Amino acid sequence: MNICVFLSAADLPERYTRPAREFAELLGKGGHTLVWGGSDKGLMKLVADGVEQSGGKLLGVSVEFLAASARPVPAGSGEMIITADLAERKAQLLARADAVVIMVGGTGTLDEATEILELKKHGMHTKPVVLLNTAGFYDGLREQFQRMEDEGFLPIPLTELVLFAEEPVGALAHLEESAGVQ
């Protein structure tokens, strides 16, 4: 399964890197392909390293203005695509993914997450989406989404839009179950 992961390229503390490493190892050992923003820095690098070291493949989608930070992907272990702009990058990431996981990140990650959820809300894709709520990072967002649902701003139940997972194993189990992978 091709699993798109939206996450930060920043160097982050252990409370964020430990679950990311765990998810990367699970993904690689499960024979999945990481579809990610292509960066060879910070949390993005850590996850790509973990997937590759655990036997998974890499499919990076970077953007021209960030190409200097793109990870070199050896032949046979994946590919790297360079897009003209961020909009094309997001479209390519979604098109090449069977499922989406949103990990900790800044405004870029939040932009990617909200666009993916908006497209799902309008039926433009039916891929499972998981928000990995590492160290309670997305507690406030979960509260806001719940308020949106409670006050009638979501046309579909929140549980059909996104799953909030507290641990990597639960996140991947949900994706595999949704895709019929055992």
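In this predicted model, G50 counts as buried because its relative accessibility is 15%, and buried residues are those under 20%. The residue belongs to helix α2, which spans residues 42-53. Apart from neighbours within four places in sequence, G50 is in contact with A24 and E25. The C-alpha atoms of G50 and G38 are 14 Å apart in space, while 12 residues separate the pair in sequence.

S8 is located between β1 (2-6) and α1 (14-29), and its relative accessibility of 12% is the reason why S8 counts as buried. A polar atom of the S8 side chain lies 2.8 Å from the backbone nitrogen of A10. When neighbours within four places in sequence are left aside, the residues in contact with S8 are L43, M44, V104, G105 and T109.

Strand β1 is also part of an open sheet of seven strands, arranged in the order β4-β3-β2-β1-β5-β6-β7 with parallel pairing. The edges are formed by β4 (78-83) and β7 (163-165), each of which pairs on one side only. On average, and with direction ignored, neighbouring strands of this sheet are turned by 20 degrees against each other. In general, the strands of a sheet pair through backbone hydrogen bonds, in either a parallel or an antiparallel manner. Here, β1 and β5 (residues 99-102) run parallel and are joined by four bridges; C4 has V100 in β5 as its bridge partner.

Helix α7 (residues 168-179) lies across β1, β5, β6 (129-132) and β7.

Definitions and conventions:
Residues are numbered from 1 along each chain as its sequence is written. This is a predicted model: local features need pLDDT of at least 70, side-chain atom pairs count only at pLDDT 80 or more; totals for chains, interfaces and linings use all residues. Side-chain values use heavy atoms; hydrogens and water are left out. Helices (H or I, at least four residues) and strands (E, at least two) are DSSP runs, numbered from the N terminus. Buried means under 20% relative accessible area, exposed over 50%, partly exposed in between (1.4 Å probe, protein chains only). Contact means heavy atoms within 4.5 Å. A polar contact is a pair of N or O atoms within 3.5 Å; within protein, one must be able to donate a hydrogen and the other to accept it, and residues adjacent in sequence count only if both atoms are side-chain atoms. Two strands pair if DSSP finds at least two bridges between them. Axes are lines fitted to C-alpha atoms, for helices over the stretch in contact, and angles run from 0 to 180 degrees between N-to-C directions.
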